[in-house]
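Please work through the following exercises with the sequence and the 3D structure at hand.

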Amino acid sequence: MRVSVIGCGYLGAVHAACMAELGHDVVGLDVDEAKIEKLARGIAPFHEAGLPQLLEKHVGSGRLRFTTDAREIADAQIHFIGVGTPQRQGHLGADMRYVDSAIETIIEHAVTTDGPVLVSGKSTVPVGTAQRLAGRLDGSGKDLILAWNPEFLREGYAVKDTLHPDRIVYGLPEDRERGETAKAMLDECYATPLAEGTPLVVSNYPTAELVKVAANSFLATKISFINAMAELCDATGGDVTRLAEAIGYDDRIGPKFLQAGIGFGGGCLPKDIRAFMARAGELGVDQALTFLREVDTINLRRRDLAVELAENALKDRLVGKKIAVLGITFKPDTDDLRDSPALDIATRLWARGAELAVVDPAAGPELRERRPDLTVPETVDEAVAGADLVMILTPWKEFVELDPAVLIGKVGTPNIIDGRNVLDPKRWRDAGWNYYGMGRSESIW
Ligand code: UDX
């Protein structure tokens, strides 16, 4: 099929590359010239496993093109919308201007003289948006059908999640004939994952929109739940990692997303739960989601607690103390710094007078550009040299695997804060470190 993808950020660029991998002819459109210039040369503008290989393969073969010229999307049979819906300045709600502008671009350029053309929304939007956009398309004078087809990809696994998703969701128009046309086009587009047995859920627009925010709210709630338990563990001498292991064996609960620490961040979970609350307020059902306010509060409190932990470790004297921060992205295997708890914590410690040396396997160059006030060395050895405190804030594999017996010879004072509870406290204590986890008491043996 001929496919266009509007918006070439984390979601759109990966979707475009994966659509080419599924055999379609794809054009990716974005207004950011620097980004498009890189993508058009087959270079990934951000760190994402598997993306460089797909770009090289399909840009090279000509099946995948990137452009800033909206006229090039004209002959696509499906237009995917993958633009951002960031949090609005000074407001909890989502900023819809990029989605609205994508719709106008499609209306202006899509050619529908050979039959209906599908517009498939992938961005995370406030429930009710699809109905509004469908109204706009209906009044456009062109034969454009809207479907809502949310995306569930995780950064770091985005290619895998797009090619082999857990499920595919179609939100279709109420009009049966148009709904069936949209379904047939999406079925053709996703023929490969559907043939592999990926579950398909077909619904109306609001359900499809809600599925996405409900899934992210559930994940955020799960993380804040275990972080609340971590606070209880701290107050009582319990150990949250053992607690999580024990409750996770119950397969109604499951072991995933029960890792307590400095909390969730990134471009999705925090803004999505806030936008969801704002939307519930507009719909007059804000009481249904007041628990999400608590989820957000618990999550942000983790950052305060990490700062307090650092103050305790350094006996309340941060001025002039050297802190080595290992990992600054919002999670490993990405270079994304959006709403990163690690960056927030590092910034607060810096503001209290500490000297920060930050090392990260992917975000170093961007951090150097954005934050000249922080020292950003290339290696762990440089970062920890003479440090009064080491903090693991993002659990990149290379940090989790550090040898405490070797590292201790490089620091000034052997204080380690394990902001993600990924180290073995006993091993680090036995090697001579003052180990501080988040909700972890000293092991009994
Ligand atoms: C999330 C959803 O997982 C994905 O389905 C959706 O499409 C987009 O939002 P992503 O933002 O890539 O994906 O990150 P995710 O892996 O969900 O992690 C989010 C944050 O939660 C990270 O900061 C991570 O470190 C944190 N986290 C995750 C925890 O603190 N504990 C956990 O147990 C799991």
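Two exercises with worked solutions follow.

The model is predicted: local features need pLDDT of at least 70, side-chain atom pairs count only at pLDDT 80 or more, and totals for chains, interfaces and linings use all residues. Residues are numbered from 1 along each chain as its sequence is written.

**Exercise 1.** Determine the surroundings of strand β9 and the strands to which β9 is joined.

Solution. 
- Step 1. Helices (H or I, at least four residues) and strands (E, at least two) are DSSP runs, numbered from the N terminus; β9 spans residues 322–326.
- Step 2. A residue is buried if 20 or more other C-beta atoms lie within 10 Å of its own, exposed if 12 or fewer, and partly exposed in between, with C-beta atoms placed from the backbone.
- Step 3. K322, A324 and L326 point one way and I323 and V325 the other way, and all are buried. Because five of the five residues are buried, β9 is largely enclosed by the rest of the structure.
- Step 4. Strands pair if DSSP finds at least two bridges between them. Five bridges join β9 to the parallel strand β10 (residues 355–359), where V358 is the bridge partner of V325.
- Step 5. Four bridges join β9 to β11 (residues 389–392), also running parallel; there, V390 is the bridge partner of A324.
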